[in-house]
Amino acid sequence: MRAVAEERSRAAFARLFAHFAPRLKAYLMRSGSDEPAAEELVQEAMMIVWRRAESFDPKQASVATWMFTIARNKRIDGYRRNNRPELDPEDPALAPQPEPMQDDQVGVRQTAEAIRDAIAALPEEQAEMLRLAFYEDKAHSEIADQTGLPLGTVKSRLRLAIGKMRGLVDDELR
Amino acid sequence: MSAIAKRKVTVDGGGRGAPPPNHHLPDEVLLDYASGAADEGVSLLVATHLTLCPICRGRAAELDALGGELVESLPPVDLSDDAFAKLLARLDEPVSEPAVAERSGDERSGADGTGDDATLPRVLQRYVGGAVQDIAWQPLGLGVDHVELPVEGGSRAVLLRVPEGRAVPQHTHEGNEYVLVLQGGFSDAHGHFVRGDVEASDESVDHRPVADAGEACICLAVTDGPLKLTSLVGRALNRFVKL
């Protein structure tokens with residue numbers, strides 16, 4: 001990633017593409033794009049990666065996370081008139097962090113590993129909820145419709161899954 | 001997005017040294033925002049709260065990271081053979097998109113007339129079309145004003161202004177209602193809510209919020225089902241307001 005940003009290395013960009021593009025395509029197809037649309041969205045997402053490479057900060061997010069957010073936003077731009085509403089990092093109204101984040105001490109890499117381990121350690125029904133949410137672009141109300149579970153059950157299962165994931169991540173990083 | 005979440009900010013924020021909010025977004029709503037499944041109204045609510053709440057920014061960043069890990073762990077699907085060659089060719093194209101599209105959505109504000117406003121975060125100003133003093137309030141009854149914000153999708157997003165000390169008629173909702181305080185505050189049976197706080201209610205909640213004394217309470221209310229007024233006055237009002 002650094003070689004892409006600083007040296008504008010096309011060889012490094014090719015390696016990034018080889019690893020991430022097929023995964024982004026898999027993600028986009030699961031979340032409802034047909035194959036040609038998924039290929040085009042991958043192209044557009046990777047163009048953004050190339051053009052904004054220097055804005056990527058490895059201290060703030062993993063490459064996988066950054067790629068995911070770019071592909072997700074591209075997907076939303078494709079079907080909505082407005083871009084995804086996001087906070088403005090230069091907004092004078094932005095409330096400052098009250099104290100240094102834990103992540104200042106714990107690296108993005110360790111956090112990513114801890115999250116991966118936590119997903120593997122979650123009970124299957126909870127992990128499945130999270131996969132439904134991310135892979136299939138299901139809002140929690142739609143998960144309720146699809147699974148036939150009451151909305152309250154979906155909410156509490158998602159909260160349980162996320163709470164458990166957080167607990168596992170914190171334990172591993174402590 | 002996560003890159004923003006952990007950025008240290010030294011500007012004098014809307015918090016102005018105030019403690020972070022006490023009432024936060026539920027995890028399932030942050031998850032819908034991270035996955036991209038939240039519709040525009042709910043996304044606007046989340047982005048506005050994240051501006052005012054460093055705690056939820058951290059939680060949202062963690063869910064973005066979860067999305068990154070889940071996507072990276074997917075079985076890859078091969079692209080067409082010439083996909084990378086086509087991409088390289090496109091990199092050489094001059095950038096034809098307008099400059100504004102080159103920047104991420106969160107950086108575009110400021111280019112569209114948004115600026116400093118002690119009440120409305122910029123992401124919300126984009127929907128209002130200006131600062132708080134530019135809002136064309138419309139009376140809703142009982143001294144309460146509102147303005148509907150243009151969002152696509154199933155949710156409705158409304159800014160509400162309730163006079164100081166005034167009670168909103170007792171009501172329940174079909175679906176969920178999220179109320180984010182931007183100015184002033186209100187209390188109901190579930191607590192006291194001030195700037196940055198979110199109250200999430202579903203159809204099981206029948207409440208009667210009362211605005212704090214001191215100044216009008218301005219809130220962003222996002223509902224994914226119609227509101228039902230339950231008090232006697234409220235039932236009469238039901239015929240007139242379709243909030």
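Visitor: What does the secondary structure of chain A come to, in helices and strands?
Guide: In this predicted model, chain A has 8 helices and 0 strands. Going from the N terminus, its elements read α-α-α-α-α-α-α-α.

Visitor: And what does the C-alpha trace of chain A span along its principal axes?
Guide: About 50 × 45 × 35 Å.

Visitor: How much of chain A is buried?
Guide: Of the 174 residues in chain A, 53% are buried.

Visitor: What about contacts in chain A between residues 24 or more positions apart?
Guide: Those make up 58% of the contacts in chain A that have a separation of 6 or more.

Visitor: Which residues of chain A lose the most area to chain B?
Guide: Gln60(A), Leu87(A) and Phe134(A). Together they account for 9% of what the chain A side buries.

Visitor: How many salt bridges are there across the interface?
Guide: There are 8 between chain A and chain B. In one of these chain-to-chain pairs, Arg166(A) forms a salt bridge with Glu62(B), and the closest N and O atoms are 3.1 Å apart. As for polar contacts, 28 residue pairs make them between chain A and chain B, counting pairs with both residues at pLDDT 80 or more.

Visitor: Is Arg90(B) buried or exposed?
Guide: Buried. Its relative accessibility is 19%, and the cut-off for buried is under 20%, so Arg90(B) falls on the buried side.

Visitor: What does Arg90(B) touch?
Guide: Leaving out neighbours within four places in sequence, Arg90(B) is in contact with Glu40(A), Gln43(A), Glu44(A), Met47(A) and Arg51(A). With Gln43(A) there is also a polar contact, side chain to side chain, at 3.2 Å.

Visitor: New topic: the largest nonpolar core. Which residues touch the most other members?
Guide: That core has 100 residues, and the ones touching the most other members are Phe13(A), Phe17(A), Met46(A), Leu130(A), Leu66(B), Leu159(B) and Leu220(B). The largest share, 10 residues, comes from helix H2 of chain A, residues 10–30. There's another core apart from this one, with 13 residues, including Val158(B), Val179(B), Phe193(B) and Cys217(B).

Visitor: Why do nonpolar side chains end up buried together?
Guide: I can only give the general pattern: in soluble globular proteins, nonpolar side chains tend to be buried together.

Visitor: What is Leu159(B) in contact with?
Guide: Among the contacts of Leu159(B), leaving aside neighbours within four places in sequence, are Leu124(B), Val128(B), Ile135(B), Trp137(B), Leu182(B) and Leu220(B). Asp145(B) and His146(B) are among them too.

Visitor: What order do the strands take in the open sheet of chain B?
Guide: The order is S7-S6-S9, 3 strands with antiparallel pairing. S7 and S9 of chain B stand at the edges with a single partner strand each, so one side of each has no neighbour in the sheet.

Visitor: How many bridges join S6(B) to S7(B)?
Guide: 4 bridges, with residues 185–188 running antiparallel to residues 191–194. A hairpin of 2 residues links these two strands. Phe186(B) has Phe193(B) as its bridge partner, and Asp188(B) has Gly191(B).

Visitor: And S6(B) with S9(B)?
Guide: Those two pair over 2 bridges, also in the antiparallel sense. Ser187(B) stands opposite Val210(B) there.

Methods: Residues are numbered from 1 along each chain as its sequence is written. Chains are lettered from A and ligands numbered from 1 in the order in which they are written. This is a predicted model: local features need pLDDT of at least 70, side-chain atom pairs count only at pLDDT 80 or more; totals for chains, interfaces and linings use all residues. Side-chain values use heavy atoms; hydrogens and water are left out. Two strands pair if DSSP finds at least two bridges between them. A nonpolar core is a set of buried Ala, Val, Leu, Ile, Met, Phe, Trp, Tyr and Cys residues joined through side-chain atoms within 4.5 Å. Buried means under 20% relative accessible area, exposed over 50%, partly exposed in between (1.4 Å probe, protein chains only). Contact means heavy atoms within 4.5 Å. Buried area is the accessible area (1.4 Å probe) that two parts lose on being put together, summed over both. A salt bridge is a side-chain nitrogen of Lys or Arg within 4 Å of a carboxyl oxygen of Asp or Glu. A polar contact is a pair of N or O atoms within 3.5 Å; within protein, one must be able to donate a hydrogen and the other to accept it, and residues adjacent in sequence count only if both atoms are side-chain atoms.
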